[in-house]
Amino acid sequence: MRNHSIADRDPCPYRIIEDIGGAFAFGSVGGGVWHFGKGAWQSPKGTRLMGAIGNCAARAPVMGGQFAVWGGLFACCDCSLTAIRQKEDPWNSILSGGATGGILAARAGPKAMASAAVIGGVLLALIEGMGIWMNNYFAQQPMGMEDPNAAGGMVTGPPENDITAPPTSGGVGMMPTGLTLRRAPSQQQQQTIGGMEGESERFDSGEYETTFSSGGGGGSSSSGDEKSGGWWPFGSS
């Protein structure tokens, strides 16, 4: 799964300008707050406000420029690795952070260059790992929203006291009045219903004989009733 912070970034030619501008703004604001407090702390009484403003105006743009240089080198290394590896993943950012730290410390010697590269790579690894962990944490399925198919495909309606269920006439989180869930008939019940329907069709088609006897012909009619079972199609009681 790709990181959302990587997938939402601009293409490489525009990414460099975006990173430079964002790093300069971040460094200027953070440096302004830091140097404003530092200037107020170091200034004598009565001139703390003016000293804080002067120190902020003198040092905040410098820190913003340093951040912009770091952001520009990082974006260039990131775009170069993306073009070489032909894919974007957190390893590009980690390697770019190490390369940026090493380039900025190149004038101090190989040892300082190597240590700065390691520190830059570790910092970017921590940042990328935290971003991936947060994306995975917030992408998890909320509690109480389990898949109904996991319970054998039986949907029994919304759970009780579910505040996310839409309001109905029966109340929030309850089934509407008059709505019932019917269970499918079993195989034995289906056979019983089928037998009753067959008997009804045979009776309607005239398969059973219906005889009516008058008062005079009791002997033959009664014997016929006993043989045919009478007009009741399901046998005598």
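Predicted model: local features only at pLDDT ≥ 70, side-chain atom pairs only at ≥ 80, totals over all residues.

Visitor: Let's start with charged pairs. How many salt bridges does the structure hold?

Guide: Happy to begin there. Side chains of opposite charge can pair when their charged atoms come close. Here the cut-off is a side-chain nitrogen of Lys or Arg within 4 Å of a carboxyl oxygen of Asp or Glu. The number of salt bridges in the structure is three.

Visitor: Which residue forms a salt bridge with Asp78, and in which helix is that partner found?

Guide: The closest N and O atoms of this pair are 3.4 Å apart, and the partner of Asp78 is Arg15. The pair links distant parts of the chain, 63 residues apart, with Asp78 in helix 3 (residues 48-85). Both residues are buried. So, with a relative accessible area of 2% for the partner, the answer is Arg15, in helix 2 (residues 12-42).

Visitor: Where does Glu88 lie, given that its side chain meets Arg15 in a salt bridge?

Guide: The side chains of Glu88 and Arg15 meet at 2.8 Å, N to O. This pair also links distant parts of the chain, 73 residues apart, and its Arg15 end is in helix 2. The Glu88 end is in the loop between helix 3 and helix 4 (90-104).

Visitor: Why does Glu88 count as partly exposed while Arg15 counts as buried?

Guide: Buried means under 20% relative accessible area, and partly exposed lies between that and the exposed class, which is over 50%. Arg15 has 2%, so it is buried. Glu88 counts as partly exposed because its relative accessibility is 26%.

Visitor: Which residues are linked in a network of salt bridges?

Guide: Arg15 pairs with Asp78. Arg15 also pairs with Glu88. The network is therefore made of the residues that these two bridges join: Arg15, Asp78 and Glu88.

Visitor: Which residues is Asn92 in contact with, leaving aside its neighbours within four places in sequence?

Guide: Asn92 is found in helix 4. Asn92 counts as buried because its relative accessibility is 1%. Its contacts are Asp78, Leu81, Thr82, Arg85 and Lys87.

Visitor: What span should helix 5 have, and what is the distance between its end C-alpha atoms?

Guide: Helix 5 covers residues 110-138, which is 29 residues. At 1.5 Å a residue they should span 42 Å. That agrees with the distance between the end C-alpha atoms, 42 Å.

Visitor: Which residues of helix 5 are buried?

Guide: For this we look for residues under 20% relative accessible area. In helix 5 these are Ala116, Gly120, Gly121, Leu124 and Glu128.

Visitor: How much accessible area does the nonpolar patch with Val118 have?

Guide: Val118 lies in helix 5, and it is exposed because its relative accessible area is 54%. The patch on the surface is formed by Val118, Ile119, Val122, Leu123 and Leu126. Together they have about 480 Å².

Visitor: Which residues form one aromatic cluster?

Guide: Tyr137 and Phe138 form an edge-to-face pair, 5.4 Å centre to centre and 80 degrees between the planes. Tyr137 counts as partly exposed at 47%, whereas Phe138 is exposed at 62%. The cluster consists of Trp133, Tyr137 and Phe138.

Notes. Residues numbered from 1 in each chain as written. Heavy atoms only, no water. Helix = DSSP H or I, 4+ residues; strand = E, 2+ residues; numbered from the N terminus. Buried < 20%, exposed > 50% of the residue type's maximum accessible area, 1.4 Å probe, protein only. Contact = heavy atoms within 4.5 Å. Expected span 1.5 Å × (residues − 1). Patch = residues over 30% accessible without salt bridge, like charges linked within 9 Å, V, L, I, M, F, W, Y side chains within 5 Å. Areas by Shrake-Rupley, 256 points an atom, 1.4 Å probe, with all protein chains shown as cover. Phe/Tyr/Trp six-rings, centres within 6.5 Å; stacked < 30°, edge-to-face > 60°.
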